[in-house]
Amino acid sequence: MSADEMLDIVDEHDRVVARSPRGEAYAKGLRHRCVFIQVRDAEGRIFVHRRTPTKLVFPSLYDMFVGGVVGAGEPYDEAALREAEEELGVSGLPRPEYLFKFLYDDGAGRSWWSAVYEVRCALPVRPQAEEVAWYDFLPEDEVERRLRDWEWVPDGLAAYERLRAYRTRG
């Protein structure tokens, strides 16, 4: 999505209250919607990547999710499939399974409703070069070890912590 693409601006209950171009929503810290998709390969390893330095939000940081913003009028489920296929560079991916939603707020003007999904990808991936600087499928225990060593996107860390808790309760 470009800075001109329209986003739904939402309130603390995820109700649409306005629409705004993406660049303006980011600049003004307007609450919008995002999707986070944890991708696992056939062996159950997690897709981990480093964002490119040109990303508008959290450049050059590591992430254990693919995803992004939800376009104006776009359902979360459609955004999850679109974002996963775009970022992985695949088509024909199974529809990601919705798990839960939470309000991310860093207390410094970055806030978005975040829908968390998971999907298995048995297809060969070709991530977008403009989105992904490095990637690999890592075993979950290695991801856990890397949490201490690598600089991760804060919203992805928040989603990962909630996903661990969700799986523990499940």
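Which residues of the largest nonpolar core touch the most other members? They are V48, F65 and V116, within a core of 29 residues. A nonpolar core is a set of buried Ala, Val, Leu, Ile, Met, Phe, Trp, Tyr and Cys residues joined through side-chain atoms within 4.5 Å; buried means under 20% relative accessible area, exposed over 50%, and partly exposed in between (1.4 Å probe, protein chains only).

The model is predicted: local features need pLDDT of at least 70, side-chain atom pairs count only at pLDDT 80 or more, and totals for chains, interfaces and linings use all residues. Residues are numbered from 1 along each chain as its sequence is written, and side-chain values use heavy atoms, with hydrogens and water left out.

At least two residues of this core come from each of β1 (6–10), β3 (32–40), β4 (46–51), β7 (97–105), β8 (111–120) and α4 (154–169). These elements are DSSP runs numbered from the N terminus, helices being H or I of at least four residues and strands E of at least two. A second, separate core has 22 residues, including V10, I37, V125 and F137.

H49, in strand β4, is buried at 2% relative accessibility. Leaving aside residues up to four places away in sequence, H49 has contacts (heavy atoms within 4.5 Å) with residues including F65, E87 and W134.

Aromatic rings of Phe, Tyr and Trp (its six-membered ring) pair if their centres lie within 6.5 Å; planes under 30 degrees apart count as stacked, over 60 as edge-to-face and the rest as tilted.

| Pair | Centre to centre | Angle between planes | Class |
|---|---|---|---|
| F58 and W112 | 6.4 Å | 65° | edge-to-face |
| F100 and Y166 | 5.2 Å | 35° | tilted |

Because F100 lies in strand β7 and Y166 in helix α4, their pair ties together parts 66 residues apart in sequence. F100 is buried at 12% relative accessibility, whereas Y166 is partly exposed at 29%. Both F58 and W112 are buried. One aromatic cluster is formed by F36, F65, F100, F102 and Y166.
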